[in-house]
Amino acid sequence: MASMPSASFSSPCRQASERRRSFAGLCSSSVTALRGSRFEVRKISKRMVFSCVPAAASYVPPTVSETKLSFLKAYKRPIPSIYNTVLQELLVQQHLMRYKKTYQYDAVFALGFVTVYEQLMEGYPSSEDRDTIFRSYITALKEDPEQYRIDAKKLEEWASSQTPSSLVDFASREGEVEAILKDISERAQGNGNFSYSRFFAIGLFRLLELANATEPAVLEKLCAALHINKPSVDRDLDVYRNLLSKLVQAKELLKEYVDREKKKREDRSASQKANEAITQFVGDISVF
């Protein structure tokens with residue numbers, strides 16, 4: 001974990017009186033209590049005056065390890081390895097996105113993450129656990145899981161009612177989602193914080209998918225309207241498709257494994273019942 005900045009102390013006059021050095025020593029010995037403050041030496045009427053001036057508190061983001069620990073504390077139940085491995089990797093990636101200086105939450109990013117999460121957790125043994133894991137994951141990143149769900153649903157409903165042309169032409173229309181996209185466009189041009197990410201690219205693709213507008217030309221126009229670099233989007237969507245393909249294969253292998261284990265348990269159970277029946281029969285004979 002990054003350490004807090006230590007206080008600095010400068011003395012321009014080594015011949016200062018013992019009394020002044022004692023005062024300086026008092027300030028220096030108070031670093032622990034005044035961590036985050038700075039010390040200034042000002043010259044007033046040929047006398048050196050020491051003053052402790054509070055500095056603006058600097059924010060130190062949590063480390064990746066702390067975020068992962070927060071998730072594990074929030075959700076204590078074991079997660080099957082096929083899901084947990086990918087979840088942990090996503091958590092590390094999203095932590096790095098979340099704590100970039102240029103990061104600012106937006107609804108398209110939320111839609112992208114929710115889309116990835118639902119794809120990853122599809123077929124999870126318990127839908128209740130799936131929702132709890134989602135809340136624990138987002139909370140570990142110090143964000144609001146309900147906001148993610150609400151914004152993702154809002155954009156999905158909006159996109160489902162759009163055509164390819166109306167989706168791209170959001171800037172000329174009024175509306176809640178249109179305002180969100182306009183704000184993203186402004187920030188992407190440098191008028192505010194904006195940090196492009198893979199989740200954002202997936203959010204864009206989901207909008208196009210719901211509007212039945214997955215042609216490359218429409219994606220190009222939407223990227224231009226939002227002032228997003230299309231080659232970056234193309235690259236990240238290729239990574240996403242590759243991830244989904246591997247995930248499907250892994251889930252198929254997991255299903256085969258579960259089916260084999262289930263059959264083994266059934267066979268063992270049948271064998272045990274047969275043994276119990278034979279034992280009972282032998283007992284009956286001995287009694288007879």
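Just after α10, His-227 takes a positive phi of about 60 degrees; helices here are DSSP runs of H or I with at least four residues, numbered from the N terminus. The model is a predicted one, in which local features need pLDDT of at least 70 and side-chain atom pairs count only at pLDDT 80 or more, whereas totals for chains, interfaces and linings use all residues. Residues are numbered from 1 along each chain as its sequence is written, and side-chain values use heavy atoms, with hydrogens and water left out.

Within helix α10 (residues 216–226), Val-218, Leu-219, Leu-222, Cys-223 and Leu-226 are buried, that is, under 20% relative accessible area, where exposed means over 50% and partly exposed lies in between (1.4 Å probe, protein chains only). Viewed down the axis of α10, these buried residues fall within an arc of 135 degrees, so they line one face of the helix; the arc is that of the directions from the helix axis to the C-beta atoms. An α-helix has 3.6 residues a turn, so residues three or four places apart point the same way. Pro-216, Lys-221 and Ala-224 are exposed on the other side of α10.

Leaving aside residues up to four places away in sequence, Gln-104 touches Asp-183, Arg-187 and Asn-193, a contact being heavy atoms within 4.5 Å. Gln-104 and Asn-193 are 89 residues apart in sequence, yet their C-alpha atoms are 6.0 Å apart in space. With neighbours within four places again set aside, Gln-162 is in contact with Leu-167, Arg-173 and Ala-211. The side chain of Gln-162 makes a polar contact with that of Arg-173 at 3.3 Å, and a polar atom of the Gln-162 side chain also lies 3.3 Å from the backbone oxygen of Trp-158. A polar contact is a pair of N or O atoms within 3.5 Å; within protein, one must be able to donate a hydrogen and the other to accept it, and residues adjacent in sequence count only if both atoms are side-chain atoms.

Helix α4 packs against helix α6 (residues 145–160) at an angle of about 95 degrees, with their axes 8 Å apart. That makes α4 roughly perpendicular to α6, a class that covers 65 to 115 degrees.

Terms used: Axes are lines fitted to C-alpha atoms, for helices over the stretch in contact, and angles run from 0 to 180 degrees between N-to-C directions. Helices (H or I, at least four residues) and strands (E, at least two) are DSSP runs, numbered from the N terminus. Angles under 35 degrees count as roughly parallel, over 145 as roughly antiparallel, 65 to 115 as roughly perpendicular and the rest as oblique.
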